[in-house]
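Here is a short briefing on one protein model.

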Amino acid sequence: MFLVVSDSKLEKIVSARMRLMERHKAKVETTPAMSDEAPLGSGPQNRHGMPQVPPGQTIAKSNWPVLDLGLKPEIPKEEWRLEVGGACDAPITLDFQQLMELPQVTDTSDFHCVTTWSKLDMEWQGVRLADVLALAEIQESGSHLFCSAYDGYTTNIPIEEALKPDVLLAYAVDGEPLPREHGGPVRMITPQLYAWKGSKWIRKIEILTEDKLGFWEQRGYSNTAHPWRDDRYS
Ligand SMILES: Nc1nc2c(c(=O)[nH]1)N[C@H]1C(S)=C(S)[C@@H](COP(=O)(O)O)O[C@H]1N2
Ligand SMILES: [Mo]
């Protein structure tokens, strides 16, 4: 069940993002190169005395912005499924109950949106993606993940990023079930990469033997997406 966004709405969202991308490129051209001693860290303990937020980001203080393609699929948690397949020996489909039977973690991390806001110290509850990938028994040749969501969104990351311990399939934040507008019942988070790499309403993870670009990556967003390197667009 993939939803489809209306073309005009999608076009508006994409063109706003494209204008932001052009603005950023213009700014970078007139700015001296930034040094790259930044840690790839998440959570306060990993900021290593660096500024609180990566270059070009500002802290979203009170509310948590909602960013997506405009559809907010409503998936009762009883109906939510995550398929994991592709280059693995034990493809699986997990339901919510099965997700809850895996080792549970609570982890505090930061959330950086490429549109320049960050939320700090978010307390997530979920399951490490690494544990789910281990269950699926990734083959040696598996090098990238291609994630798809119930709203039709897609995004890709290399396995090395996917295995980082703060990459979660999250179902609760700050002690509350993850609200639908933020990707509930279950979303992925990638605290060490810009937040677009984490699918809300995650539905499917394909393990690939070569990289394949997702929605924003096809539209000029950086494939690597490291916030501390101001690595926004390719
Ligand atoms: N399924 C889906 N996941 C998505 C998106 C989307 O449009 N659809 N947008 C991404 C972007 S650009 C960001 S910044 C974060 C925003 O998450 P939030 O709305 O909970 O703040 O979700 C990411 N994951
Ligand atoms: Mo974003």
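Helices and strands here are DSSP runs, numbered from the N terminus: a helix is H or I over at least four residues, a strand is E over at least two. The model is predicted. On that basis the protein has five helices and 11 strands.

**Overall make-up**
- The protein has 234 residues, and 52% of them are buried.
- Take the contacts between residues at least 6 apart in sequence: 72% of these join residues at least 24 apart.

**Cis peptide bond**
- G184 and P185 are joined by a cis peptide bond. Its omega is about 15°.
- P185 sits in the loop between β9 (176-177) and β10 (187-189).

**Positive phi at T116**
- T116 is not a glycine, yet its phi is positive, near 95°.
- The residue T116 belongs to the loop between β4 (105-112) and β5 (117-128).
- How accessible is T116? Its relative accessible area is 29%, so T116 counts as partly exposed.

**Positive phi at E137**
- E137 is another residue other than glycine with a positive phi, here near 55°.
- The loop that holds E137 runs between α3 (129-136) and β6 (144-149).
- E137 has 43% relative accessibility. Partly exposed covers the range between under 20% (buried) and over 50% (exposed), so E137 is partly exposed.

Note on methods. Residues numbered from 1 in each chain as written. Chains lettered and ligands numbered in written order. Predicted model: local features only at pLDDT ≥ 70, side-chain atom pairs only at ≥ 80, totals over all residues. Heavy atoms only, no water. Buried < 20%, exposed > 50% of the residue type's maximum accessible area, 1.4 Å probe, protein only. Contact = heavy atoms within 4.5 Å.
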